[in-house]
Structures are given as structure tokens and as C-alpha cells.
Amino acid sequence: MRYFLSLVVLVLVLAATATTAATTARAVRAVPAAATLRVVATTEDLASLAREVGGDKVTVDAIAKGYQDPHFVEAKPSFILKFSRADLLLIVGRELEIGWLPSLINNSRNSKIQVGASGYLDASADVKILDIPTGQITRAMGDVHPSGNPHYWLDPGNGRIMARSIRDRLTQLDRANAAYYAQRYDDFDTRLAAAELRWDAMMAPHHGSKMVTYHRSWPNFVDRFRLDVIGYVEPKPGVPPSPSHTLTLIEEMKSQDVMIIAIEPYFDSKTPKQIGGQTGAEVLVLAPSVGGVPGTDDYIKLFDYNVKLLADALARAGK
Ligand SMILES: [Zn+2]
């Protein structure tokens with residue numbers, strides 16, 4: 001009898017617990033939950049812009065870290081999980097991620113973020129793209145992107161356009177927060193415009209200054225700040241340095257009195273240092289992406305860092 005009573009009590013307790021849980025679940029559902037869209041961005045730059053516009057209505061994950069070469073990213077299982085849960089995928093496009101992104105999208109089995117779906121945003125659609133090749137592309141040209149240079153986020157004017165595209169897409173996916181996204185974008189736009197005045201003033205004395213870069217990562221940056229890249233440490237995009245190309249580059253730098261070699265943090269600095277030793281040029285590690293080096297935690301800080309580093313080095317070189 002005692003055993004029977006205990007069993008009855010246990011059943012009642014379990015039933016009560018289940019009822020409470022169900023009531024709680026209903027209560028949670030009845031209150032309109034704060035919308036948090038899950039955003040996955042292929043790079044830290046896109047992630048930073050998404051945080052600027054999305055604020056606390058979004059959670060944002062970046063795949064390629066700023067100190068990694070975004071052309072080559074190892075597709076980890078944890079990335080597939082992020083892709084499978086995403087409401088919105090932001091990509092740089094222009095074939096930057098062609099080596100690793102398609103398999104992640106496929107393996108996610110997430111219909112929201114498939115190419116062409118409303119949760120898939122190629123941020124390059126409206127920006128200024130440089131280096132669009134004319135004529136036939138051959139393998140001999142190296143890793144040339146047929147739809148133009150994908151490193152376009154390094155022009156703050158393009159960053160503004162990317163943020164606007166993100167605002168528009170977030171609004172489309174989450175109409176209830178349209179005013180919030182609009183206000184966040186306007187605030188970012190204002191801060192970016194103020195920062196651009198600052199950067200332009202810092203670079204003004206150095207217009208036309210010549211430099212060499214490792215990879216072709218900086219055409220939009222030098223176009224925006226009116227610098228002149230006369231050559232690359234890579235003989236062709238994506239091709240490692242060769243002794244003959246390095247010799248030619250050294251001669252060219254000497255004849256044009258080039259005093260700056262800018263490299264990305266993920267390239268070996270051995271050849272650039274050699275070239276610097278031969279020419280007297282200073283080797284600068286610029287940040288090609290948010291998080292590329294310490295102190296570049298967001299999109300505006302990325303330019304604060306690069307502009308100051310370059311302007312100071314050019315001033316030291318008397319250029
Ligand atoms: Zn590239």
C-alpha cells in the first residue's frame with residue numbers, strides 16, 4: 001500500500017512538473033520574443049558591418065579570421081553547424097571564397113542560405129569593383145578573378161554600400177525592426193563619414209606616393225587614398241615569390257625610389273625583408289581585414305590603423 005501511494009505521489013509530481021513546463025513554454029511563446037537573426041559572415045569585415053547595422057537584433061559569426069588568407073579557409077565541421085542554423089549568410093563574392101564556400105553551403109542543407117535565397121547576400125553587388133580583366137583569362141596569369149578584384153572592402157566608400165545592403169536585407173528578413181536597422185545604419189554612416197575626413201587629412205600629404213604590396217589586396221585602398229602601387233612581391237596573384245621576379249622588382253623599386261613594402265600578416269616576410277634590405281624600403285604589416293592585427297577590432301578601427309601606419313611610414317621616408 002505504501003509502495004502504491006509513493007507511486008501515485010510520484011506520478012502526480014511528474015504530471016505537475018510537465019504541466020508547469022508546458023505552461024512556461026506557452027508563456028514564453030505568447031510574449032513576442034526579441035528577434036535575433038543568426039548571421040554568418042565569411043569574413044570579419046562583413047561581420048563587423050553586420051554588427052554595426054544589426055546591433056542586438058542579430059548574432060554574428062565570422063568564418064575566416066582577419067589574420068587568415070580569405071582565399072584559403074579550411075572548412076571545419078563547426079562551420080557546417082553554423083551554416084545549418086543561419087538565417088542570413090553574408091559573402092564577399094567575386095570568387096574570393098570560391099575554394100571553400102560552396103561545399104559549406106551544400107553541406108549545411110539549409111534552404112534559407114542557398115544561392116539566390118533571401119538569406120544569401122553577396123555584398124559585392126553594388127560596390128565599386130576594380131581590376132575587371134578584359135580579354136581572355138588563362139592559367140598563366142595566376143589566380144586572376146574573372147569578376148574583378150575581391151578585396152573591395154578596403155575602400156570605406158564600399159564599406160558604406162555594403163552596410164546599406166546589409167541594412168536592406170535585414171529589413172527584408174525582419175520588418176518589425178526596420179526602424180532600428182535604419183537608425184543603426186545612419187549612425188554608422190555618420191561615424192564613417194567623420195572618420196573619412198580624418199583619414200583623408202592624414203593621407204593628403206602623401207598623394208601619389210609609390211609603394212609595393214605583397215598580394216593584389218589593396219587596389220581599392222590605394223585608389224581611395226590616391227597612392228600608387230608599382231609592383232607586387234608575388235610574380236602573379238597567388239604565386240609565391242621567385243628569385244627572378246624579386247630581382248626585377250628590386251631594380252624597379254630602386255629606379256622609382258619606392259620606400260614602402262606592405263604585406264599581409266599571413267604571408268612569409270622573408271622575401272619582403274630581403275627586398276627591404278636591398279632597397280632601404282620599410283616593410284609594413286598592414287591589416288587587410290578586421291582582426292588582422294591587434295587594434296583592428298572593427299571596420300572603422302581597421303582604417304584608423306592602416307592609415308596611421310602608412311601615413312607615419314611615408315612621413316618617415318619623406319614621401
Ligand atoms: Zn586576392
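## Exercises on a predicted model

The buried residues of helix α6 are Tyr181, Arg184, Tyr185 and Phe188.

**Exercise 1. State what the buried residues of α6 pack against, and compare the reach of α6 with the expected value.**

Step 1. Locate the helix: α6 covers residues 178–203, 26 residues in total.

Step 2. Take its reach. From the first C-alpha of α6 to the last is 37 Å, close to the 38 Å expected at 1.5 Å a residue.

Step 3. Find the partners. The buried residues of α6 pack against α2 (44–54) and α5.

Step 4. Recall a general point about the spacing of such residues. An α-helix has 3.6 residues a turn, so residues three or four places apart point the same way.

**Exercise 2. Decide whether Ile161 is buried, partly exposed or exposed, and list what Ile161 touches.**

Step 1. Apply the cut-offs. A residue is buried with 20 or more other C-beta atoms within 10 Å, and exposed with 12 or fewer. Ile161 has 19 C-beta neighbours inside 10 Å, so Ile161 counts as partly exposed.

Step 2. List the contacts. Leaving out residues up to four places away in sequence, Ile161 touches Asp126 and Val127.

Step 3. Asp189 is 28 residues from Ile161 in sequence, and their C-alpha atoms are 9.7 Å apart.

**Exercise 3. Describe strand β3 and its pairing with β1 and β4.**

Step 1. Sort the side chains. In β3 (residues 88–91), Leu88 and Leu90 point one way, while Leu89 and Ile91 point the other way; all of them are buried.

Step 2. Pair β3 with β1. Strand β1 (residues 37–43) runs parallel to β3, with three bridges between them. Here Val39 stands opposite Leu88.

Step 3. Pair β3 with β4. Strand β4 (residues 120–122) is also parallel to β3, again over three bridges. Ile91 has Asp122 of β4 as its bridge partner.

Step 4. Include the helix. Together with α4 (residues 101–108), β3 and β4 make a right-handed β-α-β unit.

**Exercise 4. Give the strand order of the open four-stranded sheet and explain which strands stand at the edges.**

Step 1. Write the order: β6-β5-β7-β8, with parallel pairing.

Step 2. Find the edges. β6 (228–232) and β8 (282–285) each have a single partner strand, so one side of each is left without a neighbour in the sheet.

Step 3. Look at one pair. β5 (residues 210–213) and β6 run parallel and are joined by four bridges. Met211 has Val229 in β6 as its bridge partner.

Step 4. Helix α8 (residues 243–256) touches β5 and β6, and its direction makes about 155° with that of β6.

**Exercise 5. Say which stretch of residues has pLDDT under 50, and how the chain does on average.**

Step 1. Take the chain average. The mean pLDDT of the protein chain is 91, and 89% of its residues reach 70 or more.

Step 2. Where pLDDT is low, predicted coordinates should not be read in detail.

Methods. Residues numbered from 1 in each chain as written. Predicted model: local features only at pLDDT ≥ 70, side-chain atom pairs only at ≥ 80, totals over all residues. pLDDT = per-residue confidence, 0-100. Helix = DSSP H or I, 4+ residues; strand = E, 2+ residues; numbered from the N terminus. Pairing = 2+ DSSP bridges. Right-handed = clockwise from strand over helix to strand, strands pointing away. Contact = placed C-beta atoms within 7 Å. Axes fitted to C-alpha atoms, helices over the stretch in contact; angles between N-to-C directions. Expected span 1.5 Å × (residues − 1).
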